[in-house]
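Colleague: I would like to go through the labels on this model one by one. Please set each value against its cut-off.

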Amino acid sequence: MATFEDFMKLDIRVGEIVEVVDFEKARKPAYQLKVDLGKEIGVKKSSAQITNLYEKSDLVGKQVMAVVNFPPRQIADFMSEVLVLGVYGDKGVVLIKPDMKVQNGDKLG
């Protein structure tokens, strides 16, 4: 069982999606995202399997939650730097986001 201390090791921040492109080399349909996580962290890249429910044009400007302190992960020829969080629903992944606009880089607490 995970402890509260385990949870506190995660650095989960709000970021705004600033760029979305198709990830042609991914094994499963995915997008390559660039996420602005504020002044402290900057813009980071992420691979996201969210093509079932989201069009690229709908994602730009959307705030999302992301784990920023996992090690980068190589996916095909792309280095994913952060893990954008979502819920596995019946129709695909639903992104987790704040219910009102906050500053990019704000920390989940």
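What follows is a set of questions about labels and the values behind them.

Modeller: This is a predicted model, so local features need pLDDT of at least 70, side-chain atom pairs count only at pLDDT 80 or more, and totals for chains, interfaces and linings use all residues. Residues are numbered from 1 along each chain as its sequence is written, and side-chain values use heavy atoms, with hydrogens and water left out.

Colleague: Why is Gln63 called buried?

Modeller: Buried means under 20% relative accessible area, exposed over 50%, and partly exposed in between, with a 1.4 Å probe and protein chains only. Gln63 has 8% relative accessibility, so Gln63 counts as buried.

Colleague: Where does Gln63 sit?

Modeller: Gln63 belongs to strand 4, residues 63-67. Strands (E, at least two residues) and helices (H or I, at least four) are DSSP runs, numbered from the N terminus.

Colleague: What makes the pair of Gln63 and Asn104 a polar contact?

Modeller: A polar contact is a pair of N or O atoms within 3.5 Å; within protein, one must be able to donate a hydrogen and the other to accept it, and residues adjacent in sequence count only if both atoms are side-chain atoms. The side chains of Gln63 and Asn104 make such a contact at 3.1 Å. The Gln63 side chain also reaches the backbone oxygen of Val102, at 2.6 Å.

Colleague: Which residues does Gln63 touch?

Modeller: Contact means heavy atoms within 4.5 Å. Leaving out residues up to four places away in sequence, Gln63 touches several residues, including Val14, Gly15, Met100 and Val102.

Colleague: Is Arg13 buried or exposed?

Modeller: Arg13 is at 9% relative accessibility, so Arg13 counts as buried. Arg13 lies in strand 1, residues 12-22.

Colleague: Which residues are in contact with Arg13?

Modeller: Beyond its neighbours within four places in sequence, the contacts of Arg13 include Leu37, Ile41, Val64 and Asp106. A polar atom of the Arg13 side chain lies 3.1 Å from the backbone oxygen of Gly105.

Colleague: What makes Glu40 and Arg13 a salt bridge?

Modeller: A salt bridge is a side-chain nitrogen of Lys or Arg within 4 Å of a carboxyl oxygen of Asp or Glu. The closest N and O atoms of Glu40 and Arg13 are 3.5 Å apart, and the pair forms a salt bridge. Glu40 lies in the loop between strand 2 (31-36) and strand 3 (43-48) and Arg13 in strand 1, so the pair ties together parts that are 27 residues apart in sequence. The two side chains also make a polar contact, at 3.5 Å.

Colleague: Why is Glu40 called exposed?

Modeller: Glu40 counts as exposed because its relative accessible area is 66%.

Colleague: How many salt bridges are there in the whole structure?

Modeller: A search of the whole structure finds seven salt bridges. One of them joins Lys34 and Glu19, at 3.9 Å from N to O. Lys34 lies in strand 2 and Glu19 in strand 1, so this pair ties together parts that are 15 residues apart in sequence. Lys34 is partly exposed because its relative accessibility is 33%. Glu19 is partly exposed too, at 34%. Elsewhere, salt bridges that share partners join Asp11, Arg13 and Glu40 into one network.

Colleague: What links Asp6 and Lys9?

Modeller: Asp6 and Lys9 form a salt bridge, with their closest N and O atoms 3.8 Å apart. Asp6 has a relative accessible area of 32%, so Asp6 is partly exposed. Lys9 reaches 59%, so Lys9 counts as exposed.

Colleague: Why is the pair of Phe4 and Phe7 called tilted?

Modeller: The search of the whole structure finds two aromatic pairs. The ring centres of Phe4 and Phe7 are 6.3 Å apart and the planes are at 40°, so the pair is tilted. Rings of Phe, Tyr and Trp (its six-membered ring) pair if their centres lie within 6.5 Å; planes under 30 degrees apart count as stacked, over 60 as edge-to-face and the rest as tilted.

Colleague: Where do Phe4 and Phe7 lie?

Modeller: Both are in helix 1, three residues apart, about one turn of the helix. Phe4 is exposed because its relative accessible area is 57%. Phe7 is partly exposed, at 39%.
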